[in-house]
Amino acid sequence: MNLRHSALAVLVAVLWGANFVAIDLGLHANGTEVPPLLFVAMRFVLVVFPWIFFIRRPDVSWRAILGVGLFMSAGQFGLLYLAMALGMPAGLASLVLQAQVLLTVLLAAGILGERPSGRQFAGVVLGVAGLAVVAVGRSMVAPVLPLVIVLAAALSWAAGNIVARQAKASSGLGLVVWSGAVVPLPLIGLSLLIDGPAAVGGTLTGLQLVTILSAIYTAVLGSLVGYGIWNWLLGLYPSSAVVPFTLLVPVVGMTTAWLVLGEVPSPAEMAGGLLLLCGVAIAVLRPGRQGATPGQRRWHAQRRDVAFAGDLGDGLGAGLGTAGLGAADLGAGRDTRVTGALADDDADAGRLAAGARVAPDLDAGTRP
């Protein structure tokens with residue numbers, strides 16, 4: 001990756017890492033407690049509207065859209081916000097949620113029949129050992145229930161990764177927006193049942209500025225901008241060049257939580273976290289894998305530039321006066337869109353034709 005694109009990948013990691021502190025600040029705004037499920041619903045209202053009117057539905061089934069929305073969005077973030085409302089530190093949450101990479105490997109093996117390589121299996125074992133150390137360390141200083149809920153969020157995210165992998169949508173941003181429409185109504189209904197109409201109504205009528213800013217940050221910067229840049233980079237480069245940048249997310253998350261919230265993990269939590277990150281690194285870093293040839297990368301880059309321009313021109317340009325990007329997409333033809341995952345699949349297909357065994361991609365399984 002060149003310097004500019006590497007800087008963009010680092011920017012995404014920073015946006016996603018700081019996302020956890022933004023969630024924590026929004027949930028505990030000026031001493032008031034915002035119902036977590038209601039807060040998730042607020043976030044996804046901003047993810048969906050008004051963008052859904054300008055971004056075309058992805059070329060996948062409604063079942064896939066429903067599955068991604070339920071598992072990757074509602075399940076993951078509903079459980080994550082709940083855990084943080086119950087006291088899970090923001091920095092530690094950013095770390096433990098990375099277990100979804102390891103869980104994606106296991107689910108892909110069980111559901112898709114994608115047998116993990118020896119390297120990936122070793123990463124899973126090391127990551128599980130790290131999680132065990134974190135759990136022991138956490139139990140010494142606080143209840144372990146929020147940690148378990150974050151692990152459930154990671155499992156839900158991993159299940160969403162499997163659904164997204166099977167769907168193979170040609171527009172990653174379109175899938176984010178359209179699957180996000182699944183979230184608000186069910187979570188508002190659950191919040192009414194769990195928290196009560198009085199709590200929901202009181203929160204909505206007395207919203208704190210920090211809660212509003214938190215929702216805007218997580219929706220616009222965390223979801224729309226972050227995923228837009230990420231999917232574009234995956235179209236320009238092999239996943240092995242882009243995915244490792246996600247290892248910066250918990251580093252940024254824990255550093256930001258320390259600077260803003262004063263969170264300091266215990267020695268056991270830090271040691272377990274390092275083991276977990278080492279396990280994730282072993283699972284996602286594949287030094288022996290060859291990417292696309294320079295000619296293939298240029299071809300995919302041209303096609304991906306069209307898709308990126310179309311998605312952001314349709315979704316963001318409508319509100320920011322950059323409709324020219326969407327026009328460029330229409331002129332080039334929407335059917336030329338391709339995601340980084342499909343670009344990798346092209347390379348994988350070539351290796352399969354040569355008789356080589358292909359390890360499962362983790363593109364979708366490493367995004368916060």
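Reader: Hi! Which side chains does E114 meet in a salt bridge?
Author: The side chain of E114 meets that of R165, at 2.8 Å from N to O. A salt bridge here is a side-chain nitrogen of Lys or Arg within 4 Å of a carboxyl oxygen of Asp or Glu. This is a predicted model, where local features need pLDDT of at least 70, side-chain atom pairs count only at pLDDT 80 or more, and totals for chains, interfaces and linings use all residues. Residues are numbered from 1 along each chain as its sequence is written, and side-chain values use heavy atoms, with hydrogens and water left out.

Reader: Where do R165 and E114 lie?
Author: R165 lies in helix 7 and E114 in the loop between helix 5 (99-111) and helix 6, so the pair ties together parts that are 51 residues apart in sequence. Helices (H or I, at least four residues) and strands (E, at least two) are DSSP runs, numbered from the N terminus.

Reader: And E114, buried or exposed?
Author: E114 is buried, with a relative accessible area of 18%. Buried means under 20% relative accessible area, exposed means over 50%, and partly exposed is in between, using a 1.4 Å probe and protein chains only.

Reader: How many salt bridges does the count come to?
Author: The count comes to two. Besides R165 with E114, the side chains of E269 and R138 meet at 3.6 Å, N to O. That pair links distant parts of the chain, with E269 in helix 14 (residues 267-284) and R138 in helix 6, 131 residues apart. Both E269 and R138 are buried.

Reader: Nice. Zooming out, how many helices and strands does the chain have?
Author: The chain has 18 helices and two strands. Of its 368 residues, 55% are buried. Among contacts between residues at least 6 apart in sequence, 86% join residues at least 24 apart; a contact means heavy atoms within 4.5 Å.

Reader: What is the mean pLDDT of the chain?
Author: The mean is 81, and 77% of the residues reach 70 or more. pLDDT is the predictor's confidence in each residue, from 0 to 100. Over residues 303-368 the pLDDT is below 50, and that stretch has 137 contacts in the model beyond near neighbours in sequence. Residues 289-296 also stay under 50, with nine contacts beyond four places in sequence.

Reader: How should I read coordinates where pLDDT is low?
Author: Where pLDDT is low, the predicted coordinates should not be read in detail.

Reader: Now the surface. Which residues make the nonpolar patch?
Author: The patch is made by L204, L207, L209, I212, L213 and I216, and covers about 520 Å². Patches are made of residues with over 30% relative accessible area and no salt bridge; like charges are joined within 9 Å, and nonpolar side chains (Val, Leu, Ile, Met, Phe, Trp, Tyr) within 5 Å. Areas come from the Shrake-Rupley method with a 1.4 Å probe, and for residues only the protein chains shown count as cover.

Reader: Which helix gives the largest share of the patch?
Author: Helix 11 (residues 209-236) does, with four residues. L204 is in helix 10 (residues 197-205) and is partly exposed, at a relative accessible area of 46%.

Reader: Last topic, backbone details. Where is the cis peptide bond?
Author: A cis peptide bond joins F49 and P50, with omega at about 5°. P50 is in the loop between helix 2 (36-48) and helix 3 (62-85).

Reader: And what is phi of N30 near?
Author: Phi of N30 is near 50°, a positive value in a residue other than glycine. N30 sits in the loop between strand 1 (28-29) and strand 2 (32-33), and is exposed, with a relative accessible area of 63%.
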